[in-house]
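Please keep the structure in view while reading.

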Amino acid sequence: MQTFDDFLAHRSPTLLGLGEPTHWTEAFPLFRNEIFQHLVLEHGYRSITLESDCLAGRLVDHYVTTGEGDLDKVLATGFSHGFGAFPSNRALVEWLRDHNAGRATEDQVHFHGFDAPLEMASAPSPRGVLTELHGFLAKHLDDVPHDVATIERLAGDDAGWADEAAMWDGAKSKGDSPCARELRLVADDLAGHFERARPALPEGGDLLARTAVGLCRYHSLMAGTSPERMGRLGAQRDAMMADNLLALPGTFVSAHNQHLQRRAASMMGAQWWSAGAQVADRLGDRYVFIATDFGFSDAVGEPASGTLQACLAATVQDRELVETAGIDPELPARTGDGRGYLPFDAVEAADAIAFLQRV
């Protein structure tokens, strides 16, 4: 058993991930905040990225680095999935702003989202990111392909793209319409124009380019009808997550264990390569992932004897870190609660587990 400092003493990760087994228990993001503050103050970390909309996250970063804007509005619009309503995320944003106030730009700590600009059961129109990418390119380059009017015409009504029914029924998606197929070509042309001129361009365009292409791909997959449809959507989302993470070296990462583990994610009967598996494939041991889980809660009770969580509860002190190399990988996970808690079961896919006795 060891502290985070002991654990990091012999590692120099490019990305350090801390997972959580559920998004709906405040104990985990509060624990994340504590760890991150320690990493900033004692280990020199200068950025954090959360499982939240990568485009919306720019609003949060602007607020914590400049102090401009209204905190409540930033929380409401700078996070996806409703995460801005969590007290733990408000506390994180407040701490970042307080820490950055009065500091030189190079000493400030930044906030990022690394999730695709998606919601749990819908995906927005690609119009917004395509028009922003076009505007970015037109500001700095000549001969930008296509025009905003063409993007607006092809995108049409935003509401049709974001229809939640399309998540469950590919026939209701706009993603394979003639206009959607043409928009994918527009996205590819704009992204290619960016890549050819990348050295001459300021920061920010790479995020827009890869998000525009990725979102159009996601809508195309949403229109599919094969039995592998949900797995392909999950894989596309995690591939976009991985690309965003790889663009953020030296960052502390916070997300669900399923996204950060070094093996396939599994949900709703589908499997796909997680963002963690994608990142680990390219970074090797420069990617370090720490899972979290817990022993007791009112909703779940005590873990059943013989499970991984029971073993950890019996041998690990509260909020203690244990390297997975010392854990029997054959131990089964406890049963989840069916309301978002997915007990960690991928011992071989993490470097360590941080364990909370009660939540």
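In this predicted model, strands S7 and S9 run parallel and are joined by six bridges. In general terms, the strands of a sheet pair through backbone hydrogen bonds, in either a parallel or an antiparallel manner.

These strands belong to an open sheet of seven strands with mixed pairing, whose order is S3-S2-S4-S1-S7-S9-S8. How many of the residues of S7 are buried? Ten of the ten are, and the strand is therefore largely enclosed by the rest of the structure.

Several helices accompany the sheet. Helix H3 (residues 57-66) packs on the sheet, where it touches strand S2 (47-53) and S3, and its direction makes about 170° with that of S3. Helix H12 (residues 229-246) lies across S1, S2, S3 and strand S4 (251-256), and runs at about 155° to S3. Helix H15 (residues 308-315) has Leu308, Gln309, Ala310 and Leu312 as its buried residues. Those buried residues of H15 pack against S7, S8 and S9.

Helix H12 also has a helical partner. Two packed helices are described by the angle between their axes and the distance between the axes. For helix H11 (residues 205-222) and H12, the axes come within 9 Å and cross at roughly 175°. An angle over 145 degrees counts as roughly antiparallel, and H11 is therefore roughly antiparallel to H12. On the side of H11, the contact includes Leu207, Arg210, Leu215 and Tyr218, while the residues met in H12 include Arg229, Leu233, Met240 and Asn244.

A pair of aromatic rings is described by the distance of the centres and the angle of the planes. Ring centres must lie within 6.5 Å to count as a pair, and by this rule there are ten aromatic pairs. One of them joins phenylalanine 4 and phenylalanine 31, which are arranged edge-to-face, at 6.3 Å centre to centre and with 70° between the planes. Because phenylalanine 4 lies in helix H1 (residues 4-8) and phenylalanine 31 in helix H2 (residues 27-43), this pair ties together parts that are 27 residues apart in sequence. Phenylalanine 4 counts as buried, at 10% relative accessibility, and phenylalanine 31 is also buried, with a relative accessible area of 3%.

A second pair returns the reader to the sheet. The ring centres of phenylalanine 294 and tyrosine 341 are 4.7 Å apart with their planes at 40°, so this pair is tilted. Distant parts of the chain are linked here: phenylalanine 294 belongs to strand S7 (residues 287-296), whereas tyrosine 341, 47 residues apart, is in the loop between strand S8 (320-323) and strand S9 (352-358). Phenylalanine 294 and tyrosine 341 are both buried. The ring of phenylalanine 294 has another neighbour, as the charged end of arginine 334 sits over this ring, 5.0 Å from its centre. Elsewhere, arginine 11 lies over the face of phenylalanine 7, at 4.0 Å from the ring centre. Ring pairs also link Trp24, Phe83 and Phe86 into a cluster.

Histidine 81, although not a glycine, has a positive phi of about 65°. This histidine 81 lies in the loop between helix H4 (71-77) and helix H5 (87-100). Aspartate 143 is likewise a residue other than glycine with a positive phi, near 60°, and is found in the loop between helix H6 (127-140) and helix H7 (148-155). Which of the labels, buried or exposed, applies to histidine 81, and which to aspartate 143? Histidine 81 counts as buried, at 9% relative accessibility, whereas aspartate 143 is exposed, with a relative accessible area of 72%.

Note on methods. Residues are numbered from 1 along each chain as its sequence is written. This is a predicted model: local features need pLDDT of at least 70, side-chain atom pairs count only at pLDDT 80 or more; totals for chains, interfaces and linings use all residues. Side-chain values use heavy atoms; hydrogens and water are left out. Rings of Phe, Tyr and Trp (its six-membered ring) pair if their centres lie within 6.5 Å; planes under 30 degrees apart count as stacked, over 60 as edge-to-face and the rest as tilted. Helices (H or I, at least four residues) and strands (E, at least two) are DSSP runs, numbered from the N terminus. Buried means under 20% relative accessible area, exposed over 50%, partly exposed in between (1.4 Å probe, protein chains only). A charge sits over a ring if NZ of Lys or CZ of Arg is within 6 Å of the ring centre and within 35 degrees of the ring normal. Contact means heavy atoms within 4.5 Å. Two strands pair if DSSP finds at least two bridges between them. Axes are lines fitted to C-alpha atoms, for helices over the stretch in contact, and angles run from 0 to 180 degrees between N-to-C directions. Angles under 35 degrees count as roughly parallel, over 145 as roughly antiparallel, 65 to 115 as roughly perpendicular and the rest as oblique.
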